[in-house]
Amino acid sequence: MSDTPVDSSKRTWIITSACAGAVGGAAVAVPFVSTFQPSEKAKAAGAAVEVDISALAPGEKLTVEWRGKPVWILKRTPEQLAELPELDSQLADPESLRNQDQLTPPYARNTWRSIKPEVFVAVGICTHLGCSPVDKFATGAQPSLPADWKGGFLCPCHGSTFDMAGRVFKNKPAPDNLEVPPYKFLSENTLLIGDDKA
């Protein structure tokens, strides 16, 4: 080893350079590592959505977004509920047996396709090609609908029709009923869309 003394100014310069390099390396590493974490937007896209339905009157529908999809919350009238069982013979899958694991949670495998009969929750996307059906709650003859129409939804793209429980009518392009997302009631008037765990 050499016994040559190191110039103090050179030593200071080396220490300063090493510290600056360490800080620079950390400055580059932190953003790089953080790219492996999901963004706030990504977290929100998959997060459950809490919805207050206290202002929703019978016969009205509210639309919220969950995972980039429109989710409908409809408060059905007693008349709309009474007509649901009468439509079974006209429906392609009245008991929601097709693709039930993907489209209908166990608590919605009933005539109303819901936890509470009056509150219907569904993903507002047609099961044919992904269009969004429109509300056709008025009863009776209307363009593109039968004369004995009881109210429901019409997909304007290819004419699929769904009843007030999102069940598709026979001989329509849509192969399945509308999807019921996972959901639960947090209180009498508060829903959590996207989470149905107890």
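**View 1. Five aromatic pairs are found in the structure.** Welcome to this predicted model. We begin with one of the five pairs, formed by W72 and F153. Their rings are stacked, with 4.5 Å from centre to centre and 20 degrees between the planes. This pair brings together distant parts of the chain: W72 belongs to strand β3 (residues 69-75), while F153 belongs to strand β6 (residues 152-154). Are W72 and F153 buried or exposed? Both are buried.

**View 2. F153 also pairs with F137.** Here the arrangement is edge-to-face. The ring centres of F137 and F153 lie 5.5 Å apart, and the angle between the planes is 80 degrees. This pair, too, links distant parts of the chain. F137 is found in the loop between β5 (134-136) and β6, and F153 is in strand β6 itself, with 16 residues separating them. F137 is buried, as is F153. Which residues make up the aromatic cluster here? W72, F137 and F153 form one cluster.

**View 3. Strands β5, β6 and β7 make an open sheet.**

**View 4. The charged end of K116 sits over the ring of F185.** This view turns to a lysine and an aromatic ring. How far is the charged end of K116 from the centre of the F185 ring? The distance is 4.1 Å.

**View 5. K184 in strand β8 reaches K197.** Strand β8 spans residues 183-187, and K184 is part of it. The side chain of K184 comes to 2.5 Å from the backbone oxygen of K197. Leaving aside residues up to four places away in sequence, which residues does K184 touch? They are I115, T190, L191, L192, D195, D196 and K197.

Methods. Residues are numbered from 1 along each chain as its sequence is written. This is a predicted model: local features need pLDDT of at least 70, side-chain atom pairs count only at pLDDT 80 or more; totals for chains, interfaces and linings use all residues. Side-chain values use heavy atoms; hydrogens and water are left out. Rings of Phe, Tyr and Trp (its six-membered ring) pair if their centres lie within 6.5 Å; planes under 30 degrees apart count as stacked, over 60 as edge-to-face and the rest as tilted. Helices (H or I, at least four residues) and strands (E, at least two) are DSSP runs, numbered from the N terminus. Buried means under 20% relative accessible area, exposed over 50%, partly exposed in between (1.4 Å probe, protein chains only). A charge sits over a ring if NZ of Lys or CZ of Arg is within 6 Å of the ring centre and within 35 degrees of the ring normal. Two strands pair if DSSP finds at least two bridges between them. A polar contact is a pair of N or O atoms within 3.5 Å; within protein, one must be able to donate a hydrogen and the other to accept it, and residues adjacent in sequence count only if both atoms are side-chain atoms. Contact means heavy atoms within 4.5 Å.
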